[in-house]
Amino acid sequence: MASKPEAPAQEVPPAADPDAPTTAPAKQSVDPWNVAGEVGDDGKVKAIDYNKLVEEFGTKLIEDALLQRFEQVTGHKPHRFMRRQIVFSQRDLEVILDRHEKGEPFFLYTGRGPSSDSMHIGHTQIFDFCKWLQDVFDVPLVIMLTDDEKFLFSEKRTVEEVIGYSQENCRDIISIGFDPEKTFIFSDYEFMGGAFYRNVTRFAKLVTYNTARAVFGFDESSNIGKIHFTSIQGATAFATTFPHIFGEDEKRVASIPCLIPCAIDQDPYFRLTRDCAARLKYAKPSLIHSRFLDALQGPGSKMSASIDSSAIFMKDTPKQIKDKINKYAFSGGQETAELQREKGGDPAVDVSYQYLQFFMDDDEELRKIGQDYKEGKLLTGELKAICIKYLQEYVAAFQERRTKATDDRVKLFMSVRPLKWEGNPKVKRTVPLTGESSTIGEGGEGGDGKLTKNQLKKIEKEKAIAAKKAAKAAEKEASKGNAS
Ligand code: TRP
């Protein structure tokens, strides 16, 4: 049974943040607070033109040669997001691949603005991708929860409210399946201070009001917290912000870059960060950008946590998922089964097919579904049923892992502690990658970067002590939490 969606295409949910200014623009507009496709003469919202964004932002498309290089360096077939241009754009990804090839350290950095306590499948995609990258590269990952941003950019939210969201979002993020030995999750409100704050002010000093206005479109009536916030999101891209992970030796650590997987709307922050990095003599961050997961209502918008009918939430039941897809998912099919068989459907605008691009790993199977749909062999109801099955399985697996994301686990991931990672297994390392290597550069090193046995031992010992300390602190915190 081919059914047309109940909601017409132009009824696109407003921007993700209900507090953001929402004057419906005629032109496509994408910035960290608003995502809206161009409104055509017929009043309908068009799909986001990602090639145009690449041009506008000055990033590079991820081309086949780079994917081949990725496979050659990592020994892994590129993730389906990369194969399908869901992750489609980059800045200096080659730099990271070169480093990985040589066994030189780098880290992954991503984040989330905790604007509500319910994450949806649009939010989890980038974290799934980060987990995959972390498994491939075996490097540390820092995840920033910008509770301060969500406070500053909202008329209504209170500090207490956004801090609560940070905790609940952290629980969701852990449920992606991250390894606590390699992953540090922090709330800006909690972690700000020390080395982080030093970098925030170094950053802030380099950015004038004029620049912030040009990059983000602020004006004289924007509160000053918004203008300053960019230094906080930016400073997180510097390895020296995390002495507990990379060590205290700022000079050495300054050269460790990060790779930032993010949705393309975050690029303005990091364009600015790359400028500042160069001026601070810090390594410039590299970026890899994804497109958005469409709202159920169709291309030209993204899922919104504040509009229930636009999104599949990670806490939805199998029945809710089924009902939402059947009722709301925009269909590229024909009005009736007869027409569908005769004329076929359009997978390019069909939301169920779009979602399968994100969730179905098998390229051949996906191709066949698209082909059958186009040729009218597959009806909308049948396509929806496949999509429903994938989403139900995805959400159920997540919910199962979430039952294990206890308060203690949240505390552990958010505790300031050393991490452990190995990097490229093919490279014999002369310098350890872990942070407690402040002894590097001290005498007895022989000038070739090799550590003596004693130095290695000392590092191992320091690491063990730090890990014990952190575990104890987390335990103590946890028991406090349980008592109250
Ligand atoms: N500003 C982002 C948001 O509102 C959160 C964020 C902070 C982020 N740092 C990041 C996202 C790095 C991607 C990469 O969601």
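Which elements do the buried residues of α20 pack against? The buried residues of α20 pack against β6 (141–145), α7 (159–174), β7 (183–187) and α8 (188–191).

## Basis

This is a predicted model, in which local features need pLDDT of at least 70, side-chain atom pairs count only at pLDDT 80 or more, and totals for chains, interfaces and linings use all residues. Residues are numbered from 1 along each chain as its sequence is written, and side-chain values use heavy atoms, with hydrogens and water left out.

Helices (H or I, at least four residues) and strands (E, at least two) are DSSP runs, numbered from the N terminus.

## Helix α20

In helix α20 (residues 407–414), Val 410, Phe 413 and Met 414 are buried (under 20% relative accessible area, 1.4 Å probe, protein chains only). Seen down the axis of α20, these buried residues fall within an arc of 95°, so they line one face of the helix. The arc is taken from the directions from the helix axis to the C-beta atoms.

## α7 with α20

The axes of α7 and α20 are 10 Å apart, at an angle of about 90°; the two helices are therefore roughly perpendicular (65 to 115 degrees). Axes are lines fitted to C-alpha atoms over the stretch in contact, and angles run from 0 to 180 degrees between N-to-C directions.

Gln 167, Cys 170, Arg 171 and Ile 174 of α7 meet Asp 407, Arg 409, Val 410, Phe 413 and Met 414 of α20 (heavy atoms within 4.5 Å).

## α2 with α4

Helix α2 (residues 64–74) and helix α4 (residues 93–102) have axes that come within 10 Å and cross at roughly 20°. α2 and α4 are therefore roughly parallel (under 35 degrees).

Technical notes. Buried means under 20% relative accessible area, exposed over 50%, partly exposed in between (1.4 Å probe, protein chains only). Angles under 35 degrees count as roughly parallel, over 145 as roughly antiparallel, 65 to 115 as roughly perpendicular and the rest as oblique.
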